[in-house]
Amino acid sequence: MKTIYILWLRQLKRYLRSRSRIVASLGQPALFLIVLGFGLGPIFKKAGGGNYIDFLAPGVISQGILFTGIFTGIELIWDRQFGFLKETLVAPVSRFSIMMGRTLGGATIAAIQGVIVLVLALLVGFRPYSFAGVVWAFVFMFLIAFFFTAVGTAIASKLEDMQGFQLIINFLILPTFFLSGALFPLNQAPKFLLVISEFNPLTYGVDGLRESLMGTSHFGLPLDIAVLAILTVIALAVGSYLFSKIQL
Amino acid sequence: MIRISKKNAKAAIKVTNLTKKFDKLTAVNGISFEVEEGEIFAFLGPNGAGKSTTIKMLTTLLLPTSGEIVINGFDPLTQQDNVRASFGIVFQDPSLDDELTSYENMEFHGVLYKVEKNLRRKRTEELLKIVDLWDRKDDLIKTFSGGMRRRLEIARGLLHHPRIFFLDEPTLGLDPQTRNQMWNYVKELNKKEKITVFFTTHYMEEADRVAERIAVIDYGKIIAQGTSAQLKQQTQTSTLEDAFLSLTGHAIREEEASVQEGMRMRRAMWRGTRR
């Protein structure tokens, strides 16, 4: 337990000390909220979709968590490159607790990032429909964060350097975001888009968050939670297996 | 100083027929050696001879292809955590967290090694004072020079009172003052606490001065073992450097740089190197 705690604490300290990184990582969500929110808002309203900012906010929150989660997971590569990973791997502690501590730390950071985007959304006019919903939203934010950090860690266990990094952004993060129903309603999407989205983990995160904050949902809360929880367990299992195989 | 007969001393490290193969390369080829408790042992060899690969296997970071290792009576394959708890290590490359302070790096290590809180704080203070970093305890590592980082790594490696201390090229890039100070401390520690010291270096005068016994490894095989005097006698040379060159030849070895090293270089250049 103490091992997990100290690794978690380390991640958090590093995060809080890199203020420039926190600010920089908010640029993109802010851009999405403001440009898409205000730019497409009138058209969305005319088409009968209601307030686009309200629709968009849960999607952009998910996007913030997705990006941060994957990146904090992948930070493992930095630790490998700059030597700190060795220090943890020669220590008399189980590989599983090292992986858990790292992932929990990364997930906490990603979830905090989600909360900051939520505050940002409130500033540009987003209003959740109930207070209780916000509590559920925190549950979803953490689940999304936990899942994607575990995925990032699993990927990083197999990658030796940053060369594959661009690849991950282009072929993993961006499609995951665009095909998650974050930007458009799935109900009216063409069949093929809907089918692809149904295989996208983030779709369930966005949907659950939207249900929590706006009270509208495509799949319903129970399915959203179940899918995310099961996927998180699988990602953790795969992640800790790959992590335990790391040799230096 | 008269040494107790080697036969009676217990082995801190015992390696038998140790081999490590990577795809087509045999990095370590059936080496055997013993280091007894309380001994200072130098492991010498040209670049790419198999020194670091051996240390990685001894310290559970790498699985051997075949052969046997016993560290403080434990097997690194089946009793990993016992082995891990019983040694401290200073790696060839930096291994500190740049974004944490020196005190935090020590805390992190102490918690991982389950050193009880009060003891951890007490030893951290002691060790940081010894390596002259106590007044910098709350400074981030990224503001530290190469020498300071090394000193901190040594203090950290000793925090959990290891029985064996591995030092993989610990003095690389340090000035003579820091080197001298570092070795004095390690020797004192060895004398007082009977800690076994296993180190690699490229500075032959260092090995000559510090090590009680020396093994020379080349192309993955141990080609000579003994005291510095024995090696000189065996090769009929007057310095350890000459003995080393006579054993390993004069040709320059090229070591293939790993991706990691490339990245580190680039980063160091980008930030203005401190090491």
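Reader: Which residue in S7(B) does B:Ile40 stand opposite?
Author: B:Val197. Bear in mind that this is a predicted model.

Reader: Noted. How do the strands S3 and S7 of chain B pair, parallel or antiparallel?
Author: Parallel, over four bridges. S3 covers residues 40-44 of chain B, and S7 covers residues 196-200.

Reader: What sheet do they belong to, and in what order do the strands come?
Author: An open sheet of six strands in chain B, ordered S5-S6-S7-S3-S8-S9. The pairing is mixed. The edges are S5 (87-90) and S9 (221-226) of chain B, and each of them pairs on one side only.

Reader: What is the average twist from one strand to the next?
Author: 15 degrees.

Reader: Which strands does helix H1 of chain B touch?
Author: S3, S6 (164-168), S7 and S8 (213-218), all of chain B. H1 (residues 51-58) packs on the sheet there. The direction of H1 makes about 150 degrees with that of S6(B).

Reader: Now S8(B). How many of its residues are buried?
Author: Six of the six, so S8(B) is largely enclosed by the rest of the structure. Both faces are covered. On one side sit B:Arg213, B:Ala215 and B:Ile217; on the other, B:Ile214, B:Val216 and B:Asp218.

Reader: Good to know. Switching to chain A: at what angle do helices H3 and H7 pack?
Author: About 165 degrees, with axes 10 Å apart. H3 is residues 52-81 of chain A and H7 is residues 165-178. The angle is over 145, which means H3(A) is roughly antiparallel to H7(A). The crossing is right-handed.

Reader: Which residues meet there?
Author: From H3(A), A:Gln63, A:Leu66, A:Phe67 and A:Ile70. From H7(A), A:Ile173, A:Thr176 and A:Phe177. By class, the contact has five nonpolar, two polar and no charged residues.

Reader: How about H5 and H10 of chain A, what angle?
Author: About 125 degrees, with axes 9 Å apart. H5 spans residues 95-123 of chain A, and H10 spans residues 221-244. H5(A) and H10(A) are therefore oblique to each other. Their crossing is right-handed.

Reader: Which residues make that contact?
Author: A:Arg95, A:Phe96, A:Met99 and A:Thr103 of H5(A), against A:Leu236, A:Gly239, A:Ser240, A:Phe243 and A:Ser244 of H10(A). By class, that gives four nonpolar, four polar and one charged.

Reader: Last topic, the chain contact. How many residues does each chain give?
Author: 26 from chain B and 24 from chain A. On the side of chain B, the elements giving two or more residues are H2 (80-86), H3 (102-112) and H10 (259-271). H10(B) has the largest share, four residues.

Reader: What classes are on that side of chain B?
Author: 15 nonpolar, four polar and seven charged.

Definitions and conventions
Residues numbered from 1 in each chain as written. Chains lettered and ligands numbered in written order. Predicted model: local features only at pLDDT ≥ 70, side-chain atom pairs only at ≥ 80, totals over all residues. Pairing = 2+ DSSP bridges. Axes fitted to C-alpha atoms, helices over the stretch in contact; angles between N-to-C directions. Contact = placed C-beta atoms within 7 Å. Nonpolar A, V, L, I, M, F, W, Y, C, P; charged D, E, K, R; others polar. Parallel < 35°, antiparallel > 145°, perpendicular 65-115°, else oblique. Left-handed = near helix turned anticlockwise from the far one by under 90°. Buried ≥ 20, exposed ≤ 12 C-beta atoms within 10 Å, placed from the backbone.
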